[in-house]
Amino acid sequence: MCKIAILESCTLFSSGITKILNEVEDFNVISETEKVEQMQMHLGEIIPDVIVFDILNHPNGGIKPIKKIRRLYPKTPLLLIVSEDYGFYFEEYIYQGVRGLILSSASCAQFIKAIQKLENGEDYIKTDIWNILKDKLRSGKPGFLSPKLKPQLSDREVDVAKLFCEGLSYKEIGGRLNISPRTVETHRNNILSKLNLNSLADLIKYTMSNSI
């Protein structure tokens with residue numbers, strides 16, 4: 001019996017997924033939650049065989065919860081439900097150890113096949129996903145903040161960099177992130193140092209040109 005855990009912020013959508021999967025012989029959905037912490041509490045000591053995660057509408061491509069999942073369940077294959085709009089994250093997903101990527105427009109049969117592949121120790125990344133990834137790599141534009149390509153920024157530093165691109169002041173960014181303007185300035189200085197940049201204008205240009 002393949003034990004499946006689902007992470008989905010839309011209850012109606014997750015209920016539909018559960019109904020589809022529970023109709024498959026040897027499939028058993030053992031958890032339906034919105035957040036990783038809820039899934040961990042719900043599962044307790046049980047280790048799922050496959051985790052399905054709908055990352056659509058998650059900030060920063062869902063990278064942060066993906067990292068949590070990989071830390072908690074390092075041996076459990078992870079299947080992400082994605083869209084073409086998330087193409088610039090595909091490289092980072094693979095770098096983070098994601099074993100399966102499937103478009104939200106995929107058929108039920110493809111979805112079931114993806115889980116079966118992952119359960120059997122195989123990867124599931126269809127041709128349409130690979131084509132999007134290859135086009136991104138061939139364009140010469142790096143995707144998300146892959147440690148192989150750029151200095152590593154913390155999640156908070158990425159948030160600060162994005163808010164500077166929106167034209168917010170130190171005070172406004174501090175209010176948005178619930179930190180002091182002085183802390184915002186410290187983050188800015190750390191970012192400039194890591195990226196070897198000289199000014200806030202350089203930071204904004206770098207952030208926008210690298211799809212951060």
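A salt bridge, as the term is used on this tour, is a side-chain nitrogen of Lys or Arg within 4 Å of a carboxyl oxygen of Asp or Glu. The model you have open is a predicted one, and by this rule the count in it comes to six salt bridges.

Begin by selecting Glu37 and Lys68, whose side chains form a salt bridge with the closest N and O atoms 2.7 Å apart. Glu37 lies in helix H2 and Lys68 in helix H3, which covers residues 63-72, so this pair ties together parts that are 31 residues apart in sequence. If you display the surface here, Glu37 is partly exposed, with a relative accessible area of 37%, and Lys68 is also partly exposed, at 26%.

Next, select Lys3 and Asp49, another salt bridge, in which the closest N and O atoms are 3.4 Å apart. This pair links distant parts of the chain, for Lys3 belongs to strand S1 (residues 2-7), while Asp49 sits in the loop between helix H2 (36-43) and strand S3 (50-54), 46 residues apart. Lys3 counts as partly exposed at 27% relative accessibility, and Asp49 counts as partly exposed at 26%.

Move on to Arg182 and Glu185, where the side chains meet in a salt bridge with an N to O distance of 4.0 Å. Both residues lie in helix H9 (residues 181-195), and they are three residues apart, which is about one turn of the helix.

For the last stop, select helix H5, residues 108-119, and look along its length. The helix has twelve residues and reaches 17 Å from its first C-alpha to its last, close to the 16 Å expected at 1.5 Å a residue. Now colour the buried residues of H5, which are Phe111, Ile112, Ala114, Ile115 and Leu118. Turn the view until you are looking down the axis of H5, and its buried residues fall within an arc of 155°, so they line one face of the helix. Finally, step past the end of the helix to Gly121, which follows H5 and has a positive phi, near 85°.

Terms used:
Residues numbered from 1 in each chain as written. Predicted model: local features only at pLDDT ≥ 70, side-chain atom pairs only at ≥ 80, totals over all residues. Heavy atoms only, no water. Helix = DSSP H or I, 4+ residues; strand = E, 2+ residues; numbered from the N terminus. Buried < 20%, exposed > 50% of the residue type's maximum accessible area, 1.4 Å probe, protein only. Expected span 1.5 Å × (residues − 1). Arc of directions from axis to C-beta.
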